[in-house]
Amino acid sequence: MMKKNIYDYALKELQNTISPAFRAKQIYQWLYIHYADTFSEMLNLPKDLREELDNTYTIKNLEIMRVQTSKDGSKKYLFRTKDGLSFESVLIKMRDKKYAPDGQVIESEKWTFCLSSQIGCKVGCAFCYTAKGGFERNLSRGEIVEQVVQLKRDNAIAPEKRVNIVYMGMGEPLNNMENVVNAIRILSELDGLSISPRRQTISTSGIAPKIIELGKLKLGVQLAISLHAVDNTLRSKLIPMNKAYNIESVIQAVKSFPVDERKRVMFEYLVIKNINDDLQSAKKLLKLLDGIKAKVNLILFNPHEGSEFQRPDPHQVKAFADFLIARGLLCTIRESKGIDIDAACGQLREKELEKIS
Ligand code: SAH
Ligand code: SF4
């Protein structure tokens with residue numbers, strides 16, 4: 001019998017198969033608080049149960065093939081699956097500064113994990129490295145969850161340390177919605193990693209009906225839309241799927257999505273030199289997002305070998321941002337974290353594939 005991946009199971013599901021049920025909680029704590037990678041170390045379980053678990057389930061399903069560390073502390077992981085495929089995750093470390101009432105500066109580290117949801121992607125965006133490799137398969141929910149455990153373990157991140165999750169690695173999460181939604185639920189389990197859906201963000205290229213479906217689940221998850229263009233002709237060139245779900249239909253779907261009181265929907269806008277970096281586009285963007293609790297995140301296009309597009313002029317990006325901010329729209333420019341390690345997802349895998357072939 002094929003062994004099953006233990007990370008595929010929600011706590012309730014384990015409780016249904018393992019008796020007495022409190023054992024499932026103990027297993028969860030070993031997996032998600034102690035980052036155990038063998039059943040034999042789960043010493044508060046009876047020996048025969050440990051053996052039974054070992055015969056039924058696997059814990060290590062992903063192998064770390066390569067880690068690249070950026071000067072800014074970001075790290076990019078290349079994982080290999082049991083069936084010999086590879087994909088990547090990025091760990092982003094940010095310094096957070098808070099000012100205490102007495103003026104003292106309190107510095108802390110903030111971690112964001114950028115997870116993959118698929119190996120490759122079917123959407124085929126013109127600017128994206130992942131798209132170039134084609135589509136292999138969906139990641140299972142266990143493979144999505146295990147990325148978090150491995151990143152925490154490998155960096156000795158304390159279990160109680162808060163981490164944010166963004167589904168912005170390889171793949172289109174809404175094309176693997178069932179597994180992503182189940183992974184979000186497993187990651188948020190209070191007896192496990194306890195990462196609230198409010199600290200998890202799904203980034204989508206804009207599959208309108210799936211955005212509506214996701215909203216109806218009322219998970220409390222955050223939404224990011226990869227908009228990148230404000231007119232349909234250009235957007236269809238960048239994201240072919242725009243022909244099926246155009247800008248208006250995406251905006252309509254976003255309006256149906258439940259947004260937390262204190263949160264906003266993030267609109268990602270990949271700024272490409274001489275393509276969409278003009279103030280006329282900024283003006284249209286402002287109009288498009290009217291009436292939405294939105295936040296715009298400008299991403300500087302990260303060129304890769306063979307790409308037809310160019311990195312924008314930082315002054316131009318700043319002018320774009322200033323235009324929006326002056327008119328009351330929240331806007332940030334994404335720092336190029338890990339630019340020296342090709343942190344735009346898909347790029348490391350691509351290089352590895354070139355080496356192999
Ligand atoms: N498929 C989802 C999530 C993964 S892509 C989506 O498209 O939203 C995550 C982000 O990486 C997207 O916003 C995408 O625009 C960005 N990205 C892709 N290629 C890039 C590149 N060459 N430079 C900078 N960002 C890139
Ligand atoms: Fe897929 Fe996102 Fe890349 Fe587009 S940008 S090809 S949706 S991973």
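1. Starting with ligand 1: its shell splits into nine nonpolar, nine polar and two charged residues. Keep in mind while reading that this is a predicted model. The shell holds 20 residues, and the closest are G171, S203, S226, H228 and N302. Three strands, β10 (200-204), β12 (265-271) and β13 (294-300), each put at least two residues into the shell around ligand 1.

2. Now the polar contacts of ligand 1, if you want something to check in your viewer. G171 brings a backbone N or O atom to 2.9 Å from a nitrogen atom of ligand 1. For F127, a polar backbone atom sits 3.4 Å from a nitrogen of the ligand. On its own, ligand 1 would expose 530 Å², and the protein buries 91% of that.

3. Next, the second largest pocket, with a volume of about 200 Å³. Where does the second largest pocket lie relative to domain 1 and domain 2? It lies between them, because domain 1 (4-58) and domain 2 (63-356) both contribute residues to the lining. The lining is made up of M2, K3, N5, D8, T58, N61, T81, K82, D83, R137, S140 and E143. In terms of class, one of these is nonpolar, five are polar and six are charged.

4. Finally, two backbone details for anyone going through the geometry. As background, most residues other than glycine have a negative phi, and most peptide bonds are trans. The S19 to P20 peptide bond is cis, with omega about -10°, and P20 falls in the loop between α1 (11-17) and α2 (22-32). A156 isn't a glycine, yet its phi is positive, at about 45°. You'll find A156 in the loop that runs between α5 (141-154) and β9 (163-167).

Notes. Residues numbered from 1 in each chain as written. Chains lettered and ligands numbered in written order. Predicted model: local features only at pLDDT ≥ 70, side-chain atom pairs only at ≥ 80, totals over all residues. Heavy atoms only, no water. 1 Å grid on protein atoms, 1.4 Å probe; cavity = no way out; pocket = protein on both sides within 12 Å on 5 of 7 lines; lining within 4 Å. Points joined across faces, edges and corners; volume = space filled by probe spheres on them. Nonpolar A, V, L, I, M, F, W, Y, C, P; charged D, E, K, R; others polar. Domains from an automatic or database assignment. Near = heavy atom within 4 Å. Polar contact = N/O pair within 3.5 Å; in protein donor to acceptor, adjacent residues only side chain to side chain. Areas by Shrake-Rupley, 256 points an atom, 1.4 Å probe, with all protein chains shown as cover. Helix = DSSP H or I, 4+ residues; strand = E, 2+ residues; numbered from the N terminus.
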